[in-house]
Amino acid sequence: MSLRTRASQGVPEETARVARAAFPKGSMPIWIREALGPLFDDESFTGLFPRRGRPALSPAVLALACVFQFAAGLSDREAAQAVRARIDWKFGLGLELTDPGFDHSVLSEFRNRLIAGGAESQILDTVLEAAAKVGLLRARGRQRTDSTHILSAARDLNRLELAGETLRAALNALAAAAPDWLAQHADDQVFERYRRRIEDYWLPRTTKDRIALGHQMGQDGMRLLEAVLAADAEPWLRLLPAVEVLRRVWVQEFQVEEGEVRWRKPGNLPPGARRLATPYDVEARSASKRETEWQGWKVHLTETCDPDRPNLITHVLTTDATVPDVHATAKVHQDLAAKELLPGEHFVDSGYTGAQNLFAAKRDHEVDLVGPVQKTAAWQGKDGAGFAQEDFAIDWDNKQVTCPMGKSSRSWNESSPTPTGVPTVRVWFSITDCEPCPSRSQCTRGTGRIGRRMTFHHRGEFEALRKARADQQTDEWRRRYHARAGIEGTIAQAVHGRDMRRARYHGLAKTHLQHQLTAAAINLARVDAWLAEIPRAKTRASHLRRLELAA
């Protein structure tokens, strides 16, 4: 389809008259249209459409319809019906009252164009630009970030279900693509075992029987792979996506021992970041955090929190479930810098801090990253039990460390990264100084002829971490950090009010687009509430808590 732009983006006179009569107090689409204008224009989407072909519907209308859809929590069919039937939507979209709308499949096609063009963030960015033009958003203010888990659109599977469903999916793909070939290579028992969905409810109850069934599945899958990869098999069979997933899962879950296919033991499985969790979404991963276990994704939401403006979501980052929060901090700052929306103060929890992030935020972006940092894990720093790193004087220029007893280090090595790849400095003291020291028991528990050894970050990271640990002990820091608390309310609004907990689609790109549209919808709702002068809701207290406060 080629792009067909609209001659005018104004609201038709008849649509405006009827909408204002039907909604004398206004509604979200009406308020947004009047305050921010048409928001989107067709020309900004020209890169997503070919120059030749059948004219497409206005992408500006489709973009805003997608935002209205997620604001109302509608399916594609319901959203297409709302475009045809709701007067306030026609006002917000700038459509004639007699406009017939479009088929619901157009919304899916438009989302696919956004993903294919790498424009997942374009809609949210446009909303932010419009808010900035009317003074509702500014850079270098206060922002806060937190994450939550997202469940995959595919159902959760245990290892036995994963093996069975992967094999069943491959058999179904081969049955559709090469039915005659499959009939020759699959016996009646294979058809009997995998003709219906593999569910834990129907699987054996005892551990022994489940292990035996797993071995049987492993052998069935291996025979199928050997047949597909045989020299006399059609080469294109092995290129079927379901067959490739079968190969990957079998490498992941099984191993050959003395000619027999057997389950891999839990300790012999690939790491979570590389382990497939379902054959129906090969990008989803399984993870756990404290008591929560899930299969899918993780989303990081960043929003403004200035008291004189509405709290608007400025950035959305979707990752697979295994990516820790500490790896998201730099990405958030890089993306906000590209949009010229960096904060002056950025409030996060302890998962986003760390010496590298504290230092890099200030050095690269002039951002004050505010969040609790972990105390030292060394026993010397706990409860004042001994001499911690803070008790040693570091001469960075001369590369020397002096202990509390006045002894100097004998070695300084800057080429010893940690297992995570973070560059560090390692120093150690001579045994001739440490062994006779009367305070040795407060400094090291090493036995033999070993003096005190220390590992710490390079100067910038070390000083940033030391300052953060000192600051978080003050009342002033605690008062500032109160600004972070509201981010949980934003996550609750997205999860409970916009159904963000469960991914609507398969794959990281589509899930990320869902989160971008959800954030844009929340922003429009908040702009609407701000324009209507609706006060921010306060944190509710339980009856018991109110009674405690009164007492």
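R484 is buried, at 9% relative accessibility. This is a predicted model. The side chain of R484 meets that of E488 in a salt bridge, 3.0 Å from N to O. E488 is partly exposed, at 37% relative accessibility. The pair belongs to a network of salt bridges that links D146, D349, R484 and E488.

The salt bridge count comes to 39. Three of these pairs are set out below.

| Salt bridge | N to O distance |
|---|---|
| R193 and D220 | 3.0 Å |
| D397 and R459 | 3.6 Å |
| R484 and E488 | 3.0 Å |

Take R193 and D220, whose side chains meet in a salt bridge. R193 sits in helix α10 (residues 188–194) and D220 in helix α11 (residues 207–228), so the pair ties together parts 27 residues apart in sequence. R193 is partly exposed at 26% relative accessible area. D220 is buried at 6%.

The side chains of D397 and R459 also form a salt bridge. This pair links distant parts of the chain, 62 residues apart: D397 is in the loop between β9 and β10, and R459 is in helix α17 (residues 459–471). D397 is exposed at 66% relative accessible area. R459 is partly exposed at 39%.

Next, T511. This residue lies in helix α20 (residues 508–531). T511 is buried, at 0% relative accessibility. A polar atom of its side chain lies 2.7 Å from the backbone oxygen of G507. Beyond its neighbours within four places in sequence, T511 contacts I150, W297, T318, A503 and Y505.

Last, a hairpin. Strands β4 (residues 285–289) and β5 (residues 292–304) pair antiparallel over five bridges. A287 has W294 in β5 as its bridge partner. Two residues separate the strands, and R290 takes a positive phi near 55°.

Key. Residues are numbered from 1 along each chain as its sequence is written. This is a predicted model: local features need pLDDT of at least 70, side-chain atom pairs count only at pLDDT 80 or more; totals for chains, interfaces and linings use all residues. Side-chain values use heavy atoms; hydrogens and water are left out. Two strands pair if DSSP finds at least two bridges between them. Helices (H or I, at least four residues) and strands (E, at least two) are DSSP runs, numbered from the N terminus. Buried means under 20% relative accessible area, exposed over 50%, partly exposed in between (1.4 Å probe, protein chains only). A polar contact is a pair of N or O atoms within 3.5 Å; within protein, one must be able to donate a hydrogen and the other to accept it, and residues adjacent in sequence count only if both atoms are side-chain atoms. Contact means heavy atoms within 4.5 Å. A salt bridge is a side-chain nitrogen of Lys or Arg within 4 Å of a carboxyl oxygen of Asp or Glu.
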